[in-house]
Amino acid sequence: MPSLNEYLMVSGLLFAIGLAGVLFRRNIIVIFMCLEIMLSAANLSLVAFSRFSGQGGLPDYDAQVLVFFVITVAAAEVAVGLAIIVALFRARRTVHVEDLTSMRG
Amino acid sequence: MTTAFLILLLPLVSALAILLGVKRNPGASALVSVGSAGLCFLLALPLLGADNDAAGSFTWLAVGGLRLEIGLEVGGLARGMLLVVTLVGLLVHVFSMGYMRDDEAKARYFAGLSLFMFSMTGIVLADNLAMMFIFWELVGVSSYLLIGHWFQKNSAAEASKKAFLVNRIGDFGFMIGILLLWGSLGTVNFGEMAGRLSEGGYDATLMNWAMVCIFCGAVGKSAQVPLHVWLPDAMEGPTPVSALIHAATMVAAGVFMLAKMAFVIAVAPTAAGVVQHVGALTALLAALLATQQADIKKILAYSTLSQLGYMVMAVGFAGAQHGGAAVGEVAANSGFFHLYTHAFFKALLFLGSGAIIYACHHEQDIWKMGGLRRSMPATAATFLIGTAALAGLPPLSGFWSKDSVLALAWDNNPLLFAVGAFTAFLTAFYMTRLCVVVFFGEPRGGGARGAKEVAPVMLAPLYVLAAGAVVAGFPFAYGWFIGGGGAGIAHPHGGKALFLTILIGLALAGIAAGYLLYRDREEEPFPLKALADKLYIDEAYLVVVRVFQDAVAYVAKSVDQLLIDGLLVRGSARLAAGVGGLLRGMQVGNLQGYAFLFGLGVVFVIYIITTAVR
């Protein structure tokens with residue numbers, strides 16, 4: 001059975017991949033997916049901590065409950081996010097973030 | 001409710017009644033005002049003999065250790081001063097009924113007179129400096145209102161403003177002096193202050209400063225050098241006002257206050273020296289200026305200044321020693337002696353000049369008068385009595401009081417005696433000049449040719465004042481005014497015959513010189529432009545004020561431009577713009593840029609939290 005460190009390592013890798021995607025990819029849909037990867041990384045570490053911090057052979061289910069909440073909220077967020085992206089695409093005819101610079105100060 | 005309170009409040013009631021009630025009826029207004037003045041005089045008479053020192057007081061304001069009381073005391077000099085104020089006030093009220101008969105704003109005039117009577121009575125009866133200061137300012141206000149009675153005339157409006165502003169300068173010093181005394185003695189009540197001083201343990205230097213500051217108030221109100229400039233201009237007011245306020249009572253309030261404060265002067269020798277010398281300088285300077293004026297009221301105004309200088313000088317000798325004993329009260333009494341004799345003969349002269357001006361259809365230039373002794377014999381006779389009294393001819397009142405003033409100088413300071421004696425000579429000279437030019441010779445102007453004797457209502461006050469000018473100097477009269485409790489008045493110690501010879505000789509010499517030099521002249525035979533133009537003191541003040549104003553304006557402008565505009569207003573704008581520009585750099589407008597910065601921020605926050613926790 002893998003140890004907690006290995007789980008956290010995988011979780012950290014996932015988070016880093018997601019962050020790199022958010023920072024460096026151009027396509028806004030890909031950025032959005034990378035965001036979801038970051039959320040998954042967080043979920044993974046929560047579940048791992050839950051598994052390894054149990055008492056008397058039983059895991060601490062608090063974190064797992066929290067993960068369910070994160071997943072449901074993330075689902076709602078995806079719906080809203082995708083809707084925004086669709087609206088954005090309709091307005092600007094692009095999904096490339098370099099083209100969206102109207103907020104420059 | 002004591003008589004004193006009644007005397008104080010009656011004129012106020014009269015002023016309010018006129019302003020709020022009978023304003024539209026000038027005749028009734030005059031009657032109300034004259035009635036209140038008459039009643040005050042009658043009420044004041046019984047107080048003369050009574051030994052009613054404190055007339056009750058109540059606390060007006062109590063803040064911490066400071067307790068201000070409104071209290072009246074009718075004792076010592078206040079009794080005589082009350083009689084002077086009410087008597088001269090009554091006569092001037094009566095005279096005004098004739099003089100202001102056809103004035104458009106008669107009601108306002110009489111309301112002003114009543115307000116003045118209220119304020120002046122307050123000064124006279126006040127039992128502490130704080131209350132005196134309040135009424136001191138009130139007489140300033142009423143003087144302002146009455147000088148500016150004919151405010152349509154620009155010169156009158158300017159003169160009233162000038163009088164008020166110049167007085168403010170002196171009053172500022174007065175207030176500082178009161179605060180110094182309160183700070184060092186813990187009370188401003190006259191009786192209590194005298195008690196504290198007699199106990200000793202006060203700071204002598206502080207007393208000197210306090211007295212000099214308080215003297216500033218007298219310099220302003222009694223128009224001493226260098227604040228004398230307002231009084232000649234104040235002659236723009238109606239002549240009865242000049243007689244009452246600017247000759248007999250208000251300007252004498254400074255001397256009265258000094259006389260009441262004689263116990264402080266007695267322990268403040270340096271301040272006493274200042275008082276003496278300022279008084280002597282005023283006496284001399286004003287007498288010099290009076291010799292060259294052409295306006296009858298200006299001559300009398302400078303003469304008033306000069307006589308006030310005498311009084312101030314006399315009170316200043318309260319600090320002197322004679323034969324090991326402090327002169328104190330004697331000096332105060334002598335100054336007050338001259339104050340009330342002067343009140344009689346100067347009010348007489350002013351009202352006389354008012355009668356002349358009235359008869360000559362508001363002509364004030366003496367060179368356009370002449371020959372009036374034939375057309376106005378009664379006025380001329382009373383005026384000559386006033387002149388003789390002012391010149392110091394025995395046995396008229398001015399002789400006795402001037403002698404008692406000069407006796408102090410004779411005993412204590414030969415230089416000041418010389419100045420005072422020379423001033424006495426000048427006084428006789430310029431008054432003779434005035435009389436010779438106005439009453440003798442031939443009429444030189446249309447006004448003088450058509451002059452007729454004035455109405456009895458205006459003559460009656462002249463007769464009463466003339467009688468006062470004759471007898472006020474006799475011992476029985478100063479027994480009334482100064483009271484048996486006083487330590488008497490000053491007489492020369494030694495050399496009495498020489499002293500009297502000098503004074504009478506100088507008065508006669510002045511009269512002879514004035515008569516010989518000005519007999520049958522058509523115009524000023526010896527024009528001295530510098531003196532006629534008041535030695536350019538007014539002009540010098542204008543320059544000083546302008547230079548000072550320019551300097552202040554320059555400083556204010558620099559501060560405004562550099563500090564306010566440059567640093568505060570524009571500085572804050574520049575600061576906001578700079579910070580904004582700095583923060584604007586973060587708004588890259590790129591989604592990923594924001595994400596990156598956000599990530600950096602999170603890392604930074606985590607770093608802070610972890611290090612702080614550890």
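In chain B, helix H1 meets helix H4: B:Ala4, B:Ile7, B:Leu8, B:Leu9, B:Pro11, B:Leu12, B:Ser14, B:Ala15, B:Ile18 and B:Leu19 of H1(B) touch B:Ala107, B:Phe110, B:Ala111, B:Ser114, B:Leu115, B:Met117, B:Phe118, B:Thr121, B:Gly122 and B:Leu125 of H4(B). Of these contact residues, 16 are nonpolar, 4 are polar and none is charged. The model is predicted. H1(B) covers residues 3-20 and H4(B) residues 106-125; their axes come within 8 Å and cross at roughly 160°. That angle makes H1(B) roughly antiparallel to H4(B). The crossing is left-handed.

Now turn to the cores. The largest nonpolar core has 202 residues. B:Leu129, B:Phe256, B:Met261, B:Tyr340, B:Ile356 and B:Leu372 have the most contacts inside it. Helix H15 of chain B, residues 328-359, gives the most to this core: 18 residues. A second, separate core has 11 residues, including A:Val22, A:Ile28, A:Ile31 and A:Cys34. Back in chain B, B:Leu129 is in contact with residues beyond its neighbours within four places in sequence, among them B:Phe174, B:Phe190 and B:Met261.

Next, the loops. A cis peptide bond joins B:Val225 and B:Pro226, with omega about 5°. B:Pro226 sits in the loop between helices H8 and H9 of chain B. Another cis peptide bond joins B:Pro394 and B:Pro395, with omega about 0°. B:Pro395 belongs to the loop between helices H17 and H18 of chain B.

B:Asp520 has a positive phi, near 55°, though it is not glycine. It lies in the loop between helices H23 and H24 of chain B. At 62% relative accessibility, B:Asp520 counts as exposed. B:Tyr536 also has a positive phi, near 60°. Its loop runs between H24 and H25 of chain B. B:Tyr536 counts as partly exposed, at 37% relative accessibility.

Technical notes
Residues are numbered from 1 along each chain as its sequence is written. Chains are lettered from A and ligands numbered from 1 in the order in which they are written. This is a predicted model: local features need pLDDT of at least 70, side-chain atom pairs count only at pLDDT 80 or more; totals for chains, interfaces and linings use all residues. Side-chain values use heavy atoms; hydrogens and water are left out. Axes are lines fitted to C-alpha atoms, for helices over the stretch in contact, and angles run from 0 to 180 degrees between N-to-C directions. Helices (H or I, at least four residues) and strands (E, at least two) are DSSP runs, numbered from the N terminus. Angles under 35 degrees count as roughly parallel, over 145 as roughly antiparallel, 65 to 115 as roughly perpendicular and the rest as oblique. A crossing is left-handed if the near helix is turned anticlockwise from the far one by less than a right angle, and right-handed if clockwise. Contact means heavy atoms within 4.5 Å. Ala, Val, Leu, Ile, Met, Phe, Trp, Tyr, Cys and Pro count as nonpolar, Asp, Glu, Lys and Arg as charged, and the others, Gly among them, as polar. A nonpolar core is a set of buried Ala, Val, Leu, Ile, Met, Phe, Trp, Tyr and Cys residues joined through side-chain atoms within 4.5 Å. Buried means under 20% relative accessible area, exposed over 50%, partly exposed in between (1.4 Å probe, protein chains only).
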